[in-house]
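Welcome! Keep the viewer open as you read.

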Amino acid sequence: MSITTAPEAVRPATEASVAAMPATIAELRALLEPRLATLVDVAADLHAHPEIRFTEVHAAARLTAELELAGFAVDRGFAGLDTAFVGRWSTPGAGDDAPTIAIFCEYDALEEIGHACGHNVIAAAGLGAGILVKDALEASPVPAHLVVIGSPGEEGAAGKVPMIDGGVLEGVDLAIMVHPSGSDAVRGSSLSRVALDVDFHGKAAHAAGAPELGRNALDGATLSLTAIGLLRQQMTDDVRIHAIITNGGQAPNIIPERASLRIFVRAGDRDHLLSDVVPRVRACFDGAALATGTTVEIAENTPPYFSLRSNATLVDVAESAYAVLGRELEPNPTLAGSTDMGNVSHVVPSIHPMICLAPGVAAHTREFAAAAGDTALATPAIADGALVLAATALAAFRDPAVVADAQETFEG
């Protein structure tokens, strides 16, 4: 059930910004009008050229070109990632004590079904927010450092993690982004996630002529999935475990000497996931190998995703922007999916609100991919997403109390 938004209890530090939100949105709407057609074209361009993790050459080129055209200094290939970038702009004379706010853009697609998570909309909204904030600060300057970060490989590769390790958040006070969804939400979280690549090794033999000489790697994989299915009964409700078999053997008449799985293990709490859930899942593989006379190798080839921690202060400000835009918010969003923006939120105060693209349509489906490419649906999501982010950033730049309170309420 949705309710019309108005923050129930606004924090004192955000009262002024919340009160000013109607005027801030009106100011930004006027700046958005001449920019919107370009932002919609960016989203359509990326939708027409879907690129999976770390291959987003076209998307990165288009976004960096637009940032440079708007006056940002752009650093390409950040942290050794060819399709990562960082765009920077500051008001004249802004010193080291001026606040620094980062706006994240994502732009990778999913295998087979393209932009079924709407990252083309994320990219356009994030780009738009950065440009709108710059336009507003040029008209009415306050000390500010603005950073637009292009983070590739969010889908399955945690591309923000090597960027964090490379220092992209050094000196950043706040980080924000917006994600399309089937509903509007600000104060939600996400699931922490560990990805495991599992290889069972056995011994090949003729499946009909001498099966007793073989050791069946596929049996090890199958038994491990059965064990995990039973394990689910003893897990907390937030735990999600899902797997695919990526290699099931070579031929039906050969005892499989190798079988492989890729498995995602998720839970709401990072520490619970890492200390309890993952070790128990690993034990299912070890036990299956022992039972089938095979061996098993388990690798974590992707950094863990941490659960999102939405900063209370930034939530207040963003919710007031949604209210001015007339959008209805889910009051108690459920845990869903995983995002490497969660890792960012463990380093600096952050928000990752959802903007409704197509009501009730779930992400990671062909229907959502179609919605992300439908201009009539994408345009309001891009426009309002850009306005929410820009209004939140402007509130923090213009009122030092917002930044200070966000730091005070930060849970690292």
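Ala79 counts as partly exposed because its relative accessibility is 38%; buried means under 20% relative accessible area, exposed over 50%, and partly exposed in between (1.4 Å probe, protein chains only). Look for Ala79 in the loop between strand E2 (73-76) and strand E3 (85-90). Helices (H or I, at least four residues) and strands (E, at least two) are DSSP runs, numbered from the N terminus. Phi of Ala79 is near 55 degrees, a positive value in a residue other than glycine.

Glu112 also has a positive phi, near 75 degrees. Its loop runs between strand E4 (100-105) and helix H5 (119-139), and its 76% relative accessibility makes Glu112 exposed.

## About the model

This is a predicted model, where local features need pLDDT of at least 70 and side-chain atom pairs count only at pLDDT 80 or more, while totals for chains, interfaces and linings use all residues. Residues are numbered from 1 along each chain as its sequence is written, and side-chain values use heavy atoms, leaving out hydrogens and water.

## A glutamate and its surroundings

Now visit Glu56, in the loop between helix H3 (36-48) and helix H4 (57-69). Leaving aside neighbours within four places in sequence, Glu56 is in contact (heavy atoms within 4.5 Å) with residues including Thr83, Tyr107 and Gly153. A polar atom of the Glu56 side chain lies 2.8 Å from the backbone nitrogen of Gly153.

Technical notes: A polar contact is a pair of N or O atoms within 3.5 Å; within protein, one must be able to donate a hydrogen and the other to accept it, and residues adjacent in sequence count only if both atoms are side-chain atoms.
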